[in-house]
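Dear colleague,

I am passing on the structure we spoke about, and below it you will find some notes on what turned up in it. Please read them with the structure open beside you.

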Amino acid sequence: QAILESVNGLKALSVGRVIVVNNRQHLNALGVILQVSNDAVNRTFTALIICEKGNEEVDQKGEDSTALPHLYNTALFVPEGPCSHTVQKLKLQEIFAITVKTLKVIPERIIDNYNKRLQPRFRDDPPGQAISTATQELLRLAEANPGGMATLDPVNDLQLKSVDVVEGSMRLRVLQDSLRDFNCIHSPTFAEQFARIKERMSVQEELDRLLFLVSDQSLTLLPEYHQRIKVLQSLQYIDSSGAVQLKGRVASQISSHELLLTELLFENVLSPLAPEESAALLSCLVFTQNTQTEPHITSTLKEGIDRVLSVAQRIGQLQRDCGIPQTAEEFVGQFKFGLTEVVYCWARGMPFAEIAFLTDVQEGTVVRCIQRLDEVLKEVRSAARIVGDSVLGSKMERASLAIRRDIVFTASLYTH
C-alpha cells in the first residue's frame, strides 16, 4: 500500500509498465498499463491483460481471488490453451506487483481496436498488430519467468526511505523466503483451510477491536478525564485511591453545575438567605442569557451573588491549574444573574403579568427557567439530606412550593 500510494510508485505505474494483476478474473496474470486516470481519489489504470481463450469477459459471479493472499503463489499465469487478452480498468488494490519490465505500446491503437471488436459486427475480426505484439510479449515474459518476475524494490528503486516502509520491506522479504519451507501451501485444500483460519482470525480481530473500545486506551478524552480526576481530588470529592467522599456523594445528586452547587452547600452560602432569596440566587444555574435590565435586589442577595462569583472564580482557577483548557473568566461567565429579581418577586407572590415588566427576557424563557429551577431546588434538598442539614432541606422545600404556582406550573392546554 505504501508503494502504490507513494509519488514514485505512481510514477512507475505509467504507460508501458508491466504489472501483475490479481482480481476476480485474474490470478498472477501479466498486464501492461495503457492509460492512467487523472482522478487522484479513485485512480484507475487501463491495462491489457493476458488470459485464457474464452475467458475475456469478467464473471461477476465468480470467486473473488483477492479474498486470499497470493504471497504463497508467485507463479505467473500461463494459459494452457491459446492465449487471449482483455482490456480492463484496474483499481490500485488489483495491482499485485510492479515489475521491472516495460513494453513499447501504442495505447490508443490497442484501446480503439479492442473497443471496436466489442461491437457485434466486428467481434470475429482478428486483433490489431499493436494488440498482438503486446499480447505475445506478455506471454513470452510469463513463460520465461514461471516462478515470478523481478519487481521494483521499494527502497532501492522507488527511493522510499521512511522507517516503516524499510522495515516492512525487510519483514516482507523474510516472510516470503520462509514460505518456501512451508509444506502446507502445496496442499490442494490449502485455500479451504486458510479460509477457515481467516474466518477465525477475523473473529479474533473483531474481539480485539471491541476490547479496545471498552478500554481506557480508546478514550479520546482520556487526558481530560485525568485532569478532572485531579480537580475532584483537589476539592476532596474523591481521595487519592479514587474512593468517593462526602462531597462526592453530594455532587452525585446534582445533574448540572455540580461542583459550584456542592461548594455553595459546604460553604453555607445559602444558609443566611430566605427561601425566596435562595431560589433567586440559584436561578444563575438555569439562566444563560445576557440581559440589559439591572436587577433590584436585597443586600443579602447581593452578598450571596458576590460569594457565588468568588466560589466560581476559585473553581475555575483550580480547573485551569489542573490543565483543563477553560479560563477562570470563561467558567465564571456562564453564570448569569439576569433573572434574580424576577425569581425573587415571583417567589414572593407577584402576578406573572407584573413579572413581565421587570425584565426584557421573553415570557417563555422565564417560564422554562422557573420550571428548571424547581428541579434544581429538589436536587439541593436531596443533597442537604445527605449532609444532614435539615434546615436547608426544609428551606429548599419552601422555596420550591413558593415558585410552583399559577401559569408557570399549569398543565399545557394540549395535554387536556
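How many of the residues of H10 are buried? Eight of its eight residues are, so that H10 is mostly covered, where buried means under 20% relative accessible area, exposed over 50% and partly exposed in between, with a 1.4 Å probe and protein chains only. Helices here are DSSP runs of H or I with at least four residues, numbered from the N terminus.

This is a predicted model, in which local features need pLDDT of at least 70 and side-chain atom pairs count only at pLDDT 80 or more, while totals for chains, interfaces and linings use all residues. Residues are numbered from 1 along each chain as its sequence is written, and side-chain values use heavy atoms, with hydrogens and water left out.

The buried residues of H10 pack against several helices, among them H9 (258-266), H11 and H13 (340-347). With H11 (residues 299-321), H10 (residues 275-282) packs at an angle of about 40°, the axes lying 10 Å apart; axes are lines fitted to C-alpha atoms, for helices over the stretch in contact, and angles run from 0 to 180 degrees between N-to-C directions. Glu277, Ala280 and Leu281 of H10 meet residues of H11 including Gly304 and Val308, contact being heavy atoms within 4.5 Å.

Helix H11 also holds Gln319, which is buried at a relative accessible area of 4% and touches, among others, Arg228, Leu259 and Phe331, when residues up to four places away in sequence are not counted.

Elsewhere, Leu210 has its place in helix H6 (residues 190-213) and counts as partly exposed because its relative accessibility is 40%.

With best wishes

Methods
Helix = DSSP H or I, 4+ residues; strand = E, 2+ residues; numbered from the N terminus.
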